[in-house]
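User: I have a complex open and want to go through it piece by piece. Can we start with how the chains meet?

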Amino acid sequence: MSAILRTENLTKKFGGLIAVDNFTLSLESGRLHAIIGPNGAGKTTFFNLVSGILPLTSGKVFFGGREITGLKPHEISRLGIKRTLQIKSVFPQMTVAENLWVTRQASQGFLHPFRAATRDTQTRERVDQTLEQIGMTALADRTAGTLSYGDVALLEIGMALISEPKLLLLDEPTCGMSPAETERAVAKIKELARSIDIIIIEHDMEVVFGIASDIIVMTQGAILARGTPQEISNDERVREAYLGRPEDEDYVEEAAHA
Amino acid sequence: MIRTFVERFLLVAFAAFLVSVPWVVPVIANKFWVSVIAEILIWSIFAASVNLLFGYVGLLSFGQALFFGFGMYGVGIGIDQLHLSFWSAFAFGVSAAMAMALITGIFAVRLTWHYFAIITIVFSLIFYFLAVRLKPLTGGDDGINFSLPPVFSFGATRYSLTDQTFQYFFILAIFAICFYLMYLVTRSPLGRAFLAIRENDLRASLIGLNVYVLRLIAFVMAGFLAGVSGALFAFFGRYASATYMFYHVSGDGVVWAIVGGAGTLFGPVVGTTLFIFIRELVSTHWEHHSLIVGVMAILVVMLAPKGLVGLWREGLSRIGEQKTSSELNAKARLRSQP
Amino acid sequence: MMDTILLLALNGLIWGLIIALIALGLSIIFGLLDIINVAHGDFFMVGTVLTWYVLQETGLFWPAFILVPVIGFVLGALIQRSIIQPIRNAAALSIVATFGLSLILQELVRMIFGATPRRILPPIQGTIPIFGIEYEIYRILAAALSVAALIAFFLFLQYTKIGTWMRAVRHDRETAIAMGIPAQRIFILTFGIGFALAAFGGVVAAPITTVDFRGGVDLLPFCFMAVIIGGLGNLPGTAAAAILLALLEGVIQSFADPTVARISSLVLMSAVLMLRPQGLFRGLAK
C-alpha cells in the first residue's frame, strides 16, 4: 500500500512554543486514520500545515509521492486535499445549492466572468446529485446561514464530496452535534471512507474507535503512540496522557487560526 | 415571487423613464435636470465600482477616486496635450485607470479588512498630492479645461457631445453597458467565487479558489468602472482636476453605494440618485447639504445596514410571507452576534 | 541655510508632539473599539474652533486649556453613546458612520463659525534665542504642554484603575468583560478621552495654525501614518512615529516643497503597511 500522506521532520514553532515537533509520519492509502490527543497537542496545527494555512518552520510534506511543502492553500486544495474546519464554516449568505456549486467550480481552473452560472448544466447535475446524496434536496434554496448545526455539518460533507477529493481532512466533524446528528454524520463518514482516504481529528472516543482503523495519539506536538484501536485502548501511556486533563478550549491552536 | 415581479416592473419603468428623459424632463421640470440625471448616471458607475469591491468581494475601498481621477486625467491630458481623438482619449483614460488599479492592487489586495481601507486611502492620497504637485501636467487643484474634439464618428455618421441630447444618450449607453457587464459578472462563476471570498476567505482558499488573484481581478474590474465614470465625467464637464482624486470623493462613493445597498446591482444607483437629488434640490437654497449626507450615512448604518434596497427587499418579503417574520428576526439577531 | 533647516526641524518637532496627542486618541479608539475614526482630524479642528470661541467670549486664551478638552470629552462621550454604540454590530460599516460624522462636524462648524479661516494670536508674544536662532516663545510653550499631556496620558494608562481597565480591554476584550470590567463605560471613556486629546491638541495648535473648518482634513492622513508606522496598538510607538514623521517632513521641507515631503511620508507609510503591518517599533516597547 502506498502512502497517501507522508511528512518528514515536520516542525512548527510559534515564537518559543513548539506546536508540532519533528513529526515524521506515513499514512497509507485505504485506511481511515484518526488523530487524537489532549487539547493543545498540535492536531489542528498539523492539519493547518498540511493544508497550507500555516507556513511550516521546517520539514517536508508529501502527498501521494509529490512534495507539497510550501504550496498555497488553494494549490494544495486543487491537488485533491480538502479539509473542513473545526468551527463549521460554509458561505452563510449563499444558498445550499450555491455553496455546493461554488465548491465544485473552484476546483476547475477557469471561472467564466460573463456566462451565467446557471447555464453550466454539468455542474448543475453534479450539484443535484450531491444534494440527493446528503439528503438535502429539499433544502437546496435555503440560505446556508439559517441551517441547523447538523445540516451545516452535512453540507460541509457535501462540499467535500462534490470536490471529489483524494484525501479528506476532517477536523472534529461531530463537535457540538446532538447524538442523532453524530450518528448520521458517522454513517456518512464511514460510507465516504470506502472511496476516499480520510484523516480525522476527533475528541469523541466512541466515534474514533467506531470508525478508525489506524489511530495516532499526539501529545505536545509529537507522536505518543500509534496502532489499531485495540492496541491504543490497551496502551498504558495513552491512558496516562488522558487522565486529569481538563477539556477546555484549545488556546494555542485557536490563536494560530486567528 | 412578488419581489421578482415588482422589481422587473420597476426596472422596465426605470429604463423607459431614462430613455424618455430628454423629452419628458424639460416639460415637467426644466432642461437643467437632464444634465443632473446625466451626472447621476456617471456617478452611479463610480458607486458601482465601490459596490463591486465591497458588496461582492468584501473589500472596502476608500481610494476609488484615484481611478476616477486617472480616467478623468487620461481624457483631459489625452485631448489637451496628446491631441487624441475622442475614442482614443476615452480608451486612454480607462486603460490608465485599469493599469493603475493593477499596479496598486498588487500591493493593496494583500491586505484585508481595515488595513485594506487604509492602504487604499494612502495610495489615493499619494497620487492626489502628486497631481497637485505636477501642476504643468494636471493643473493642480485648478484643473485643466479643454475643449471637446469637435466631432467623433460612430461608423460613418458623425456626432458631437456638444449636442445635449446626444450627450445624454451617449452617457446612458455607457451606463447601460457598464451595468449589464456587472450584471453578467455577478451571475457568473467568477461572481459566485467573489461571493465565496466575501463570505469566508479562508474557506474559499480551502475549496481551491486563488483568493489573492480573484481579489486582484475584482480590483482591476472596479478600476475599470471607476475609470469609465471618470472619463465620462471629463467629457461631461470638459474639465479634469486633482480635487476629484481626494479621498472625500472616494468617501462619497462609499456612502452612495452603502446607503443604496451594497451587494445589490442597483443599490448604488438608488444611493447616488438620492444624494445627488438632495444636493441639487437643497444646494440652491441651503449651502450645507453635506450635513444631510452625513446624517443619512449614519442613519443608514444604524437602521438599515443593508441599505435602502436591502430595506425594500426585507419589506417585500415581509408582505410575501408574513409567517416567517419571527424567523427573520431570529436570523437578524443571530447575524448581529459576531 | 542651517538656520532654515533648524527652524523647520523645530517647527516639525512641535507639530509632531501635537500630532502625537491626536494620533494616540485615534490609536486607542482603534485598539479598543475596533473603529477607524475618519472624523478624528475633525476632533482636532473642533478643538481649534472652540479655542477661538473661548477667546472670543472671555477675552482670555488660558481657560481654553481646561475648557476645550472638557467640552471635547463630553462631546466624544455623547458621540460614542449615540452613534458609535448602536453600530457596534456593523463593524465593517463603522468607517462609513465616522465619515458621516466627519461631514457633520465640518458642515456644522462651517455653518456656525463660517468658512473663512481665522487666526489666533499666541497668548505670549516675542521670541527667545535658541540654538542661535530667534524662536517664538509660544511654540516652546506648546511643546512643553504637549509633552506634559503625553506624560499625563501615559501615567493615566499605567497607574489609574480606569487606565488599567482600558489596557485590559484593548488586550483581550472577551476576557476583560468576563472579569467584570464595565466595557461599555470604558468604550465611552475611550472615545471621550480620544476627543479630549485631539481637542487639547487643537488648543495648543490654534495660535500656530489657522482656525478653519477644513483644518482636520490635512491632519488626518498624518495621524493615520503615525498610528500605522508606530504599530497598531503600540502607543509609545505611535507617539514616537508622529514625532519622527513630523521632524522628517520638517527637514524635507527645507529643501523640497511640502507636497514632496507629504508624498515621501505617505510612501514610507505604504511600505510599512506592506512589509511590517505590526509597525516599525515592535519589540522596542510593549
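Analyst: The contact between chain A and chain B takes 30 residues from chain A and 21 residues from chain B. Two residues are in contact if their C-beta atoms, placed from the backbone, lie within 7 Å.

User: Which elements of chain B give two or more residues to the side that touches chain A?

Analyst: Helix H7 (164–187), helix H8 (189–199) and helix H9 (201–206) of chain B do. H8(B) supplies the largest share, seven residues. Helices (H or I, at least four residues) and strands (E, at least two) are DSSP runs, numbered from the N terminus.

User: And the classes on that side of chain B?

Analyst: The side of chain B that touches chain A has 11 nonpolar, five polar and five charged residues. Here Ala, Val, Leu, Ile, Met, Phe, Trp, Tyr, Cys and Pro count as nonpolar, Asp, Glu, Lys and Arg as charged, and the others, Gly among them, as polar.

User: Before I go on, what kind of model is this, and how is it numbered?

Analyst: It is a predicted model, in which local features need pLDDT of at least 70 and side-chain atom pairs count only at pLDDT 80 or more, while totals for chains, interfaces and linings use all residues. Residues are numbered from 1 along each chain as its sequence is written, and chains are lettered from A and ligands numbered from 1 in the order in which they are written.

User: What ipTM and pTM does the complex get?

Analyst: The predictor gives an ipTM of 0.83 and a pTM of 0.84.

User: OK, now chain B against chain C. How many residues are in contact?

Analyst: 33 residues of chain B are in contact with 34 residues of chain C. On the chain B side, helix H5 (113–133), helix H11 (247–260) and helix H13 (289–303) each give two or more residues. H5(B) gives the largest share, 13 residues. By class, that side of chain B divides into 25 nonpolar, six polar and two charged residues.

User: What does chain B look like overall?

Analyst: Chain B has 15 helices and four strands. Its C-alpha trace spans about 60 × 50 × 45 Å along the principal axes. The radius of gyration of chain B is 20 Å, which agrees with the value near 20 Å for a compact globule of 338 residues. That radius is taken over C-alpha atoms, and the globule rule is 2.2 Å times the number of residues to the power 0.38.

User: How much of chain B is buried?

Analyst: 52% of its 338 residues count as buried. A residue is buried if 20 or more other C-beta atoms lie within 10 Å of its own, exposed if 12 or fewer, and partly exposed in between, with C-beta atoms placed from the backbone.

User: Where is His83(B), and is it buried or exposed?

Analyst: His83(B) is in the loop between helix H3 (64–80) and helix H4 (86–108) of chain B. His83(B) is exposed, because 10 other C-beta atoms lie within 10 Å. Its phi is positive, about 55 degrees, although His83(B) is not a glycine.

User: Switching to chain A. What is the strand order in the open sheet?

Analyst: The six strands run E6-E7-E8-E3-E9-E10 (chain A), with mixed pairing. Two strands pair if DSSP finds at least two bridges between them. Strand E6 (81–83) and strand E10 (222–227) of chain A stand at the edges with a single partner strand each, so one side of each has no neighbour in the sheet.

User: How do E3(A) and E8(A) run, and what stands opposite His33(A)?

Analyst: Strand E3 (residues 32–36) and strand E8 (residues 197–201) of chain A run parallel, joined by four bridges. Ile199(A) in E8(A) stands opposite His33(A).

User: Last, chain C. How confident is the predictor there?

Analyst: Chain C averages a pLDDT of 85, and 95% of its residues score at least 70. pLDDT is the predictor's confidence in each residue, from 0 to 100. In chain C, helix H7 (residues 173–178) is lowest at a mean of 80, and helix H2 (residues 40–58) is highest at 93.

User: What is Gly192(C) in contact with?

Analyst: Leaving aside neighbours within four places in sequence, Gly192(C) is in contact with Phe73(C), Gly76(C) and Ala77(C). Gly192(C) lies in helix H8 (residues 183–205) of chain C, and Gly192(C) is buried, with 23 other C-beta atoms within 10 Å.
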